[in-house]
Amino acid sequence: MVKDDKIRNSFANKTWQEIKVKDSWQIFKIMSEFVDGFEKLAKIGPCVSIFGSARTPDEHKYYQLTVEIARLLADRGYGIISGGGPGIMEAANKGAYNAGGKSVGLNIELPFEQFHNKYIDRDKLLEFNYFFVRKVMFMKYSQGYIVMPGGFGTMDELFEAITLIQTGKIARFPIVLVGSEYWNGLFDWIKNTMLGNRYISEEDLNLYRMVDTAEEAAEHIFRFYDKYLLKPNF
């Protein structure tokens with residue numbers, strides 16, 4: 001099996017020449033992804049990233065909700081960044097595209113899955129081999145994060161944003177969780193267990209906002225920047 005082969009290969013002895021050649025070229029591949037991402041995304045302007053499951057069908061309420069959130073944000077001048085694939089990612093790009101806004105896709109190359117969706121602006125589609133490079137692009141070029149229901153990948157992106165804000169590595173941009181019926185169990189555990197054991201502070205619970213409608217999600221982003229008298233052309 002492919003998975004077994006990867007485990008075996010990780011323990012295989014390699015010559016110094018093999019290590020040097022493979023690792024050196026990998027560094028250049030990583031650098032090229034960073035350079036390409038920085039060059040393209042720096043030109044786009046203020047954006048909101050929308051995270052969520054690739055497995056959400058287009059008839060699902062969360063898909064439709066995502067389309068509406070993206071439309072509302074794009075109408076106010078925000079670009080929309082998604083992971084570039086199907087499901088919630090497609091819905092985010094669709095909402096931006098239909099509103100005539102900037103529609104960005106940071107697609108990841110995965111075996112047997114994830115092809116980029118058709119609602120991404122052709123000049124704003126980036127392809128990545130490395131998840132960590134892609135996450136840097138999400139965090140560096142977003143001024144807000146909308147988090148729809150999703151799986152492990154969505155959790156990874158959510159907690160990356162929360163951690164960077166909590167530790168002061170990025171500015172305190174708004175994080176909006178959409179769908180209280182989905183998120184309540186996780187965040188009840190965070191309050192009761194994480195906070196109860198003093199692994200986080202009471203103030204950390206203010207790093208996110210939970211909502212249920214498209215209007216509430218978009219309005220939280222708008223209110224945040226109205227407070228600083230900033231518009232999407234900042």
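**Helix 3 against helix 8**

I began with the contact of helix 3 with helix 8, taking contact as heavy atoms within 4.5 Å. From helix 3, Leu65, Glu68, Ile69, Leu72 and Leu73 meet Ala214, Glu215, Ala217, Ala218, Ile221 and Phe222 of helix 8. I sorted these residues into nine nonpolar, no polar and two charged. For that sorting, Ala, Val, Leu, Ile, Met, Phe, Trp, Tyr, Cys and Pro are nonpolar, Asp, Glu, Lys and Arg are charged, and the others, Gly among them, are polar.

This is a predicted model, in which local features need pLDDT of at least 70 and side-chain atom pairs count only at pLDDT 80 or more, while totals for chains, interfaces and linings use all residues. Residues are numbered from 1 along each chain as its sequence is written, and side-chain values use heavy atoms, with hydrogens and water left out.

Next I looked up the geometry: the axes of helix 3 (residues 61-75) and helix 8 (residues 214-227) come within 9 Å and cross at roughly 35°. The axes are lines fitted to C-alpha atoms over the stretch in contact, with angles from 0 to 180 degrees between N-to-C directions. The crossing is right-handed, the near helix being turned clockwise from the far one by less than a right angle. Helices here are DSSP runs of H or I with at least four residues, strands are E runs of at least two, and both are numbered from the N terminus.

**Salt bridges**

I then searched the whole structure and found nine salt bridges, each a side-chain nitrogen of Lys or Arg within 4 Å of a carboxyl oxygen of Asp or Glu.

- Lys61 pairs with Glu181, with the closest N and O atoms 2.6 Å apart. This one links helix 3 to helix 7 across 120 residues, and both partners are exposed (exposed is over 50% relative accessible area, buried under 20%, partly exposed in between, with a 1.4 Å probe and protein chains only).
- Asp75 pairs with Arg71 at 2.7 Å between the closest N and O atoms. Both lie in helix 3, four residues apart, about one turn of the helix. Asp75 is partly exposed at 46%, as is Arg71 at 31%. Shared partners join Glu68, Arg71 and Asp75 into one network.
- Asp121 pairs with Lys124 at 3.6 Å between the closest N and O atoms, and both are buried.

**Two single residues**

Where does Lys135 sit? I found Lys135 in helix 5 (residues 131-140). Lys135 counts as buried because its relative accessible area is 15%. Beyond its neighbours within four places in sequence, Lys135 is in contact with Asp156 and Glu160.

Last, I checked Arg198, which has a positive phi of about 65° although it is not a glycine. Most residues other than glycine have a negative phi. Arg198 lies in the loop between helix 7 (180-194) and strand 7 (209-211), and is exposed at 76%.
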